[in-house]
Amino acid sequence: ETKESLGPGRYEVSMAAMPREGGVTALWTYKCESSEDVSQNEIDIEIGGGGQYNELWCTTWTTKKNKATHAPDVSNICYMNDGKIHKYTFDWYTDYQGKGRVDWFIDEQYVYSITGGTVTDIDMPLWLGVWMPSWAGNATWAEDYILVDRVSYTAFDDNQYFTHKRAYNTYSPKDPSKSEIKNI
């Protein structure tokens, strides 16, 4: 998790996703103002849910019930657990012709867009990791990995407004230096 909240801009990670069923490799922004029923501001890239490595999950949220999710087939671009480093990108706009918009890309090729009321205008920290929801399949392994080459954020110009809100701590982040995360 980034220490500071970030606004509209380009979010990128060059990485090789965790290659096995049972976990979801993700790059996401997230901020909750009070409870997820009232405020669940989030933009996601999710890879590998249910062992699906040919669909990139593209999701935006403003509350638990106000969300948009689409999982376009990206097999014409890559198979996401091929062990290779791929660049995953989303561009977050709060004012794209008067509406919020998020565009997703893999290896600089356009994948999908979500526009409208499910796109937040709240600044958020950036997160990167693997999570293990029940719908991701059975984790039959004790440990696994993702390979991360580079993570970057580039702010858009001042035409992209955003609101700074205080976060409600719904996650329990760990200081990476105090975790058992291995560098390879």
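Reader: Which residues is Thr59 in contact with, leaving aside its neighbours within four places in sequence?

Author: Thr59 is in contact with Glu42, Ile43, Asp44, Ala68, Thr69, Trp104 and Ile114. Contact means heavy atoms within 4.5 Å. This is a predicted model, where local features need pLDDT of at least 70 and side-chain atom pairs count only at pLDDT 80 or more, while totals for chains, interfaces and linings use all residues. Residues are numbered from 1 along each chain as its sequence is written, and side-chain values use heavy atoms, with hydrogens and water left out.

Reader: What is the pLDDT of the protein chain?

Author: The average is 88, and 90% of the residues score at least 70. pLDDT is the predictor's confidence in each residue, from 0 to 100.

Reader: What joins the side chains of Thr59 and Thr69?

Author: A polar contact of 3.5 Å. The term asks for a pair of N or O atoms within 3.5 Å; within protein, one must be able to donate a hydrogen and the other to accept it, and residues adjacent in sequence count only if both atoms are side-chain atoms.

Reader: What makes Lys31 and Asp123 a salt bridge?

Author: The closest N and O atoms are 2.9 Å apart. A salt bridge needs a side-chain nitrogen of Lys or Arg within 4 Å of a carboxyl oxygen of Asp or Glu. The pair therefore meets the definition. Lys31 lies in strand β2 (residues 24–31) and Asp123 in the loop between β8 and β9, so the bridge ties together parts 92 residues apart in sequence.

Reader: Are Lys31 and Asp123 buried or exposed?

Author: Lys31 is buried at 2% relative accessible area. Asp123 is buried at 3%.

Reader: How do you know where Lys87 and Glu108 stand on accessibility?

Author: Lys87 has a relative accessible area of 21%, so Lys87 is partly exposed. Glu108 has 62%, so Glu108 counts as exposed. Their side chains meet in a salt bridge, 2.9 Å from N to O.

Reader: Which residues do salt bridges that share partners join into one network?

Author: Glu12, Lys87 and Glu108. The structure holds 6 salt bridges. One of them pairs Asp103 with Arg101, at 2.7 Å between the closest N and O atoms.

Conventions. Helix = DSSP H or I, 4+ residues; strand = E, 2+ residues; numbered from the N terminus. Buried < 20%, exposed > 50% of the residue type's maximum accessible area, 1.4 Å probe, protein only.
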